[in-house]
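This report walks through one chain.

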Amino acid sequence: MIKMQVIGYLGQDAIVNTVNGKTVINFSVAHSEKYKNKDGIEVDKSVWVSAAYWTDRVNVAMYLKKGTQVYLEGSPEAKTYTNKNNEVIPQLQIRVASLNLLSSLKTQGTGQDFLTQPNGFETNDIPSF
């Protein structure tokens with residue numbers, strides 16, 4: 001078994017799709033690191049991971065908004081796609097088995113937090129997933 005773990009921030013709001021009668025929530029997560037190159041210059045490096053969360057619990061999608069920090073566990077996949085310049089681009093993907101929300105979101109217009117604790121599991125309004 002190969003297991004992948006990702007901590008990062010959503011690059012856009014999640015999208016709920018139906019494929020062959022099953023529900024999947026698709027989103028992408030960026031993980032950023034800083035390091036010094038051979039010249040001693042600090043460089044930011046971001047790795048994007050496309051995520052597919054196959055679940056019937058689609059209510060979690062309302063919490064998966066751009067900028068939300070998440071922790072994912074699942075199975076990795078390596079794929080490629082062809083961009084608009086006809087270049088083949090490698091793509092890292094995860095089939096999500098477990099998802100934890102790590103950051104809080106504000107409800108639109110109310111200023112109230114959806115998640116009040118760093119681990120995201122102290123509010124009764126949050127569905128289990």
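## Pocket lining

Four strands, β3 (22-36), β4 (42-54), β5 (69-82) and β6 (88-101), each give at least two residues to the lining of the largest pocket. Strands here are DSSP runs (E, at least two residues; helices are H or I, at least four), numbered from the N terminus. β4 gives the most, with 4 residues. The lining comprises V24, N26, F27, S50, A51, A52, W54, E77, K79, Q93, I94 and R95. By class, it holds 6 nonpolar, 3 polar and 3 charged residues. Nonpolar covers Ala, Val, Leu, Ile, Met, Phe, Trp, Tyr, Cys and Pro; charged covers Asp, Glu, Lys and Arg; the others, Gly among them, are polar.

The volume of this pocket is about 160 Å³. A pocket is an open set of points on a 1 Å grid over the protein atoms alone, where a 1.4 Å probe fits, with protein on both sides within 12 Å along at least five of seven lines; lining residues have an atom within 4 Å of a point. Points are joined across faces, edges and corners, and the volume is the space filled by probe spheres set on them.

## Basis of the model

The model is predicted: local features need pLDDT of at least 70, side-chain atom pairs count only at pLDDT 80 or more, and totals for chains, interfaces and linings use all residues. Residues are numbered from 1 along each chain as its sequence is written, and side-chain values use heavy atoms, with hydrogens and water left out.

## Strand pairing

The chain has 0 helices and 6 strands. Two strands pair if DSSP finds at least two bridges between them. β5 and β6 pair antiparallel over 13 bridges. T80 stands opposite P90 of β6. These two strands form a hairpin, with 5 residues between them. In its turn, N86 has a positive phi of about 60 degrees.

β6 also pairs with β4, in the parallel sense, over 4 bridges. There A52 faces R95 of β6. β1 and β5 run antiparallel and share 6 bridges. V6 has L72 of β5 as its bridge partner. β1 also pairs antiparallel with β3, over 2 bridges. Y9 is bridged to A30 of β3.

## Nonpolar core

The largest nonpolar core has 20 residues, and I25, F27, L64, L72, I94, V96 and L99 touch the most other members. Such a core is a set of buried Ala, Val, Leu, Ile, Met, Phe, Trp, Tyr and Cys residues joined through side-chain atoms within 4.5 Å. β1 (4-10), β3, β4, β5 and β6 each give two or more residues to this core. The largest share, 4 residues, comes from β6.

L72 touches M4, Q5, V6, F27, V29, A51, I94, V96, S98 and L99, leaving aside residues up to four places away in sequence. Contact means heavy atoms within 4.5 Å. Across the chain, 55% of the contacts with a separation of 6 or more join residues 24 or more positions apart. Buried residues (under 20% relative accessible area; exposed is over 50%, partly exposed in between; 1.4 Å probe, protein chains only) make up 33% of the 129 residues.

## A loop residue

V58 sits in the loop between β4 and β5. Is V58 buried or partly exposed? V58 is partly exposed, because its relative accessible area is 36%. V58 touches V16, T23 and I25, not counting residues up to four places away in sequence.
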